[in-house]
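Subject: Structure for your files

Hello,

Here is the structure I promised to pass on. My notes on it follow below.

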Amino acid sequence: MTKEDIIKPENLVYQKPALLNDHPMHYCPGCSHGVAHKLIAEVIEEMGMAEKTIAISPVGCAVFAYNYLDVDWQEAAHGRAPAVATAVKRLWPDRLVFTYQGDGDLACIGTAETIHALNRKENIAIIFINNAIYGMTGGQMAPTTLLGMKTSTCPYGRTVELHGYPLNMTQIAASLSGTAYVTRQAVHTPAAINHTKKAIRKAFDYTMQGKGSCLVEIVSACSAGWKMSPQSANTWMKEHMFPFYSLGDLKDVEHQEKEKQTQS
């Protein structure tokens, strides 16, 4: 078999998404951001929306996402990505508009912007990376930090009495009237990666179809912030994160509509 035979389209098993740039990755080993970037690039390519996508990048580890994904980007102030995305989508309704945010950005300083944008039924998608910690700034406690979890600002573990309960933003989003699709996924195994890609595709499709706001949470490992090896971080995530942030769809309006039709 010649080299030309190997690279024929019918023999191609996998290739790097064309929208994923060759910029050297700044993410730590074991970080979930790189996989999430790849999936977003693949989905946008498959939708044929490369020239009609506008992404919003705020503050945090993912602030440099525009270095990796070759689409149009608008940077937003800390937590304000959903507000910026709202303006972009209303000005250019034919564009695929999404935000890419970490839990500190989305669930802390951006809580109000997130909830109100979702509740207004803005046709935007929010990709929410939840690693339960402020990864970029030194591993401080985030709104999503689990009870008992140790961080640089709660070295003895998060307690209800001192810090309150973890904030489950995806559960809140599912209760809002304006959301069309709300799901929580992960990227720690090939099967999980496939589920997450399908979830991102559905969220993007729904926003383009005018069904309403969509939120895709990706429960992620932060090996550096958690002070673990990548393998240990994945194990810890499965044992501690998933019981509280359980994976799966929380809301799907299309599925709900089909159920109503079946019942009637």
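Contact here means heavy atoms within 4.5 Å. Helices (H or I, at least four residues) and strands (E, at least two) are DSSP runs, numbered from the N terminus.

Please keep in mind that this is a predicted model: local features need pLDDT of at least 70, side-chain atom pairs count only at pLDDT 80 or more, and totals for chains, interfaces and linings use all residues. Residues are numbered from 1 along each chain as its sequence is written, and side-chain values use heavy atoms, with hydrogens and water left out.

The residues of α3 that are buried are Ala81, Pro82, Ala85, Thr86, Val88 and Lys89. Buried stands for under 20% relative accessible area, exposed for over 50%, and partly exposed for what lies in between (1.4 Å probe, protein chains only).

Helix α3 (residues 81-91) packs against helix α5 (residues 111-119) at an angle of about 35 degrees, and their axes are 7 Å apart. Axes are lines fitted to C-alpha atoms, for helices over the stretch in contact, and angles run from 0 to 180 degrees between N-to-C directions. On the α3 side the contact is made by Pro82, Ala83 and Thr86, and on the α5 side by Glu113, Thr114 and Ala117. Sorted by class, the contact of α3 with α5 has 3 nonpolar, 2 polar and 1 charged residues. In this sorting Ala, Val, Leu, Ile, Met, Phe, Trp, Tyr, Cys and Pro count as nonpolar, Asp, Glu, Lys and Arg as charged, and the others, Gly among them, as polar.

**Overall figures**

The protein has 11 helices and 7 strands. Its radius of gyration is 19 Å, close to the 18 Å that the globule rule gives for 264 residues, so the protein is as compact as a globular protein of that length. The radius is taken over C-alpha atoms, and the rule is 2.2 Å times the number of residues to the power 0.38. The C-alpha trace spans about 60 × 50 × 40 Å along its principal axes.

Of the 264 residues, 47% are buried. Among contacts with a separation of 6 or more, 67% are between residues 24 or more positions apart. The accessible surface comes to about 12,700 Å², and 55% of it belongs to carbon and sulfur atoms. Accessible areas come from the Shrake-Rupley method with a 1.4 Å probe; for residues, only the protein chains shown count as cover.

**The sheet**

The strand order in the open sheet of 7 strands is β2-β1-β3-β4-β6-β5-β7, with mixed pairing. Two strands pair if DSSP finds at least two bridges between them. β2 and β7 (248-252) are the edge strands, each pairing on one side only. Neighbouring strands of the sheet are turned by 15 degrees against each other on average, direction ignored. Helix α3 packs on the sheet and touches β1, β2, β3 and β4, its direction making about 175 degrees with that of β3. Helix α5 also packs on the sheet, touching β4, β5 (179-186) and β6, and its direction makes about 135 degrees with that of β6.

Strand β1 (residues 53-57) has 5 of its 5 residues buried. Thr53, Ala55 and Ser57 lie on one side and Ile54 and Ile56 on the other. β1 runs parallel to β3 (residues 96-102), joined by 4 bridges, and alanine 55 has phenylalanine 98 as its bridge partner in β3. Another 4 bridges join β1 to β2 (residues 72-75), also in parallel; there serine 57 stands opposite glutamate 75.

Strand β6 (residues 213-219) runs parallel to β4, with 6 bridges between them. Isoleucine 127 is paired with valine 216, and isoleucine 129 stands opposite isoleucine 218. β6 also pairs with β5 in the parallel sense over 7 bridges, with valine 182 opposite leucine 215. Since 7 of the 7 residues of β6 are buried, the strand is largely enclosed by the rest of the structure. Ser213, Leu215, Glu217 and Val219 point one way, and Cys214, Val216 and Ile218 the other way.

**Threonine 170**

Threonine 170 is in helix α7 (residues 169-174) and counts as buried, at 0% relative accessibility. Leaving out residues up to four places away in sequence, threonine 170 touches Phe128, Val182, Thr183, Arg184, Leu215, Glu217 and Leu250.

Regards
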